[in-house]
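Two single residues were next on my list.

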Amino acid sequence: MIAREIKPDILSLVAIDWDRRLFDQLVPLPEGTTYNSYLIRGSKKTALIDTVYPPNTAEYLACLKKAGLRKLDYIVSNHAEQDHSGSIPAVLKQFPEAKVVTNARCRELIADSMPVPADRFIEIKEGDTLSLGNKTLSFYSTPWVHWPDTMVTYLAEDKILFTCDFFGSHLASSDLFAIDERRVYSAAKRYYAEIMMPFRVHIQKHLKKLAPLAIDCIAPGHGPVYQRPAFILDLYKQWAVAPPRREVVIPYVSMYSDTTQMVGYLIDRLMERGLSVLPFNMVGGDPGRFAASLVEASTVVFATPAVLAGPHPDIVSAAYLMNALRPKVKLVATIGSFGWGGNVISKKIEELLAGLKTQVEFLKPVLIKGLPSAEDYKSLDALIEAIAAANQTL
Ligand code: FEO
């Protein structure tokens, strides 16, 4: 780990986890991740913004030492999850005068999960400020991005917003700054889909709250620093606030190609109508890629054979994930082929999407027996017309 300057007297200390492939035993990390901590040297006081994941504590302490840190006054903790807070006990031990500065909820969560004595905390509230001499920190509560404790810290004199998970990306990179915006775009979109999207309504409020701040730089807890904040702020407005795009996501599974034939027909006809189509074979698929495809989609068509009178388990998993991630999808349909007893497929998918029922219209399913017949293709045509017509009005 090395310390690098993002502005005078402000260092970034990044633990790069090149090999991590799964977060929380759940979220795939095809490009690894980073855990970012920032060191701010004011004229009177010194503060760290967040720390790093516990396995990286030793290199983190060594890096602080190499950066010449002899005295530390504050550790600002924007979020209690241990990939950011896990090194706090070791830092407190190393710097006995340091205090953990955080909100009440974060304090409670940290105290629940690691040994930090009560007298080592300074509790702050929304809008409080903390002077480091010539630099001033202020704190803004941003709950549910993605835990109830999450907040951001603003350094007024340098116009830097430290956002921890908010605006982050799981991207192991030697780049300090987001100079390769195409690469960062993909990682940030996947990150938004998997971690932030369920809290879209909260994000809309937080974007409004932060809008009056003059921001030159966004320094997140994962991934590169944004020297062009409009890049990520505009993306979050597009993902969390703007209406969905005319995109049709098709998670599909097929056993004997009957469902594949329906999917192929659907793709071609939708493309003829100028719609974007994103098909995903869910067998052995990457749930993170599927999640990212849902960020801006207007429509999802589940395509599945019947398995023991229900959808294929990989389609069940896709529907469950979609329900949990709360995308801004407006239309849902089910198509598929069954040998016997498949008529309950769409009902089960609708049950799995119960959390979206106030925002989603369920179109008439097309469930057929065996290979699609001429009559079945007419039913698919009717579904395609319904999708095209509804997308015209978005
Ligand atoms: Fe919620 Fe990066 O931890």
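I began with the lining of the largest pocket: 23 residues, with Leu-26, Val-27, Glu-194, Leu-321 and Leu-325 nearest the centre. The elements giving two or more residues to this lining are strand S4 (27-28), helix H5 (181-196), helix H9 (287-293) and helix H10 (313-325). H10 gives the largest share, 5 residues. I noted the terms: helices (H or I, at least four residues) and strands (E, at least two) are DSSP runs, numbered from the N terminus.

This is a predicted model, where local features need pLDDT of at least 70, side-chain atom pairs count only at pLDDT 80 or more, and totals for chains, interfaces and linings use all residues. Residues are numbered from 1 along each chain as its sequence is written, and side-chain values use heavy atoms, with hydrogens and water left out.

A pocket here is an open set of points on a 1 Å grid over the protein atoms alone where a 1.4 Å probe fits, with protein on both sides within 12 Å along at least five of seven lines; lining residues have an atom within 4 Å of a point.

Where does the largest pocket lie? Domain 1 (3-241) and domain 2 (247-392) both line it, so it lies between them. I took the bounds as given by an automatic or database domain assignment.

Next I looked up His-206, which sits in helix H6 (residues 200-210).

Asn-56 I found in the loop between strand S6 (46-49) and helix H1 (57-66). Asn-56 is also buried, at 10%.

Key: Buried < 20%, exposed > 50% of the residue type's maximum accessible area, 1.4 Å probe, protein only.
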